Amino acid sequence: LKLQFLYLIAPFVEVELLHTMFTEMWLFASALAHLHGGLPWYAAEALKDPSNTNPVLDAYRQWCLTDTRYCAEDACVMTFQGLTAMYGVPGCLLLIAAIQMQAWWRHLLQIVVCLLQIYGTLIYFGSAYVKGFAAINPAPTDFWGLFFGLNFLWILIPALMLSNSFAVVADALRAKQSKAKTT
């Protein structure tokens with residue numbers, strides 16, 4: 001439905017505006033997705049009581065069925081989720097602000113945020129691989145859809161954003177170099 005909406009407005013909106021809107025929506029969704037950084041500490045205790053329920057805890061409980069490391073107080077998961085909450089949420093929100101302000105430093109921050117997202121996702125996948133994916137539900141929907149597919153977005157989309165930022169920075173450096181040669 002959302003994609004259909006974009007196709008409906010595409011003839012009336014500049015491609016650059018659509019690109020900016022998608023980037024900002026991704027960053028906001030990424031910030032929301034990582035607000036749960038403290039949940040590995042909170043959830044382990046809260047999940048012991050089945051009557052303890054709220055939408056966030058229920059979603060977390062569902063995720064624990066896909067990746068049991070989240071509810072097993074796994075040191076690696078607790079560490080990278082905590083760090084992601086500390087840099088990921090503010091980084092994404094600051095990047096949205098930089099885009100809106102058309103800040104000169106936007107692409108520098110975008111490079112940092114994207115590299116950290118890719119790095120964090122590789123740590124997430126790598127730590128599961130080292131343990132033979134023992135904590136990951138092998139059901140195809142859980143393994144390929146949720147564990148791999150959903151998380152792969154944190155490699156794919158940041159990689160696309162990274163390539164955009166590299167192109168912008170390279171163009172700026174070429175323009176500066178060209179200007180320096182003419183003076």
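**View 1. Phenylalanine 147, a buried ring.** Phenylalanine 147 is buried, at a relative accessible area of 1%. Buried means under 20% relative accessible area, exposed over 50%, and partly exposed in between, with a 1.4 Å probe and protein chains only. This is a predicted model: local features need pLDDT of at least 70, side-chain atom pairs count only at pLDDT 80 or more, and totals for chains, interfaces and linings use all residues. Residues are numbered from 1 along each chain as its sequence is written, and side-chain values use heavy atoms, without hydrogens and water.

**View 2. Aromatic pairs.** The structure holds 16 aromatic pairs. Rings of Phe, Tyr and Trp (its six-membered ring) pair if their centres lie within 6.5 Å; planes under 30 degrees apart are stacked, over 60 edge-to-face, and the rest tilted. Tryptophan 26 and tryptophan 154 form a tilted pair, 4.7 Å centre to centre with 50° between the planes. The pair links distant parts of the chain: tryptophan 26 sits in helix 2 and tryptophan 154 in helix 7, 128 residues apart. Helices (H or I, at least four residues) are DSSP runs, numbered from the N terminus. Both tryptophan 26 and tryptophan 154 are buried.

Phenylalanine 133 and phenylalanine 147 have ring centres 5.9 Å apart and planes at 75°, so this pair is edge-to-face. Phenylalanine 133 lies in the loop between helix 6 and helix 7, and phenylalanine 147 in helix 7, so the pair ties together parts 14 residues apart in sequence. Phenylalanine 133 is partly exposed, at 28% relative accessibility.

**View 3. Two nonpolar cores.** A nonpolar core is a set of buried Ala, Val, Leu, Ile, Met, Phe, Trp, Tyr and Cys residues joined through side-chain atoms within 4.5 Å. The largest has 17 residues. Among those with the most contacts inside it are Trp26, Cys92, Val113 and Leu162. Helix 2 (15–33), helix 5 (75–101), helix 6 (106–130) and helix 7 (140–182) each supply at least two residues of this core. A second, separate core of 16 residues includes Leu57, Tyr70, Val77 and Tyr124.

**View 4. Around leucine 162.** Leaving aside neighbours within four places in sequence, leucine 162 is in contact (heavy atoms within 4.5 Å) with Ile111, Cys114, Leu115 and Ile118.

**View 5. Aspartate 67 in its loop.** Aspartate 67 lies in the loop between helix 4 (55–66) and helix 5. Aspartate 67 is buried, with a relative accessible area of 0%. Not counting residues up to four places away in sequence, aspartate 67 touches Tyr124, Ala135 and Ile136.
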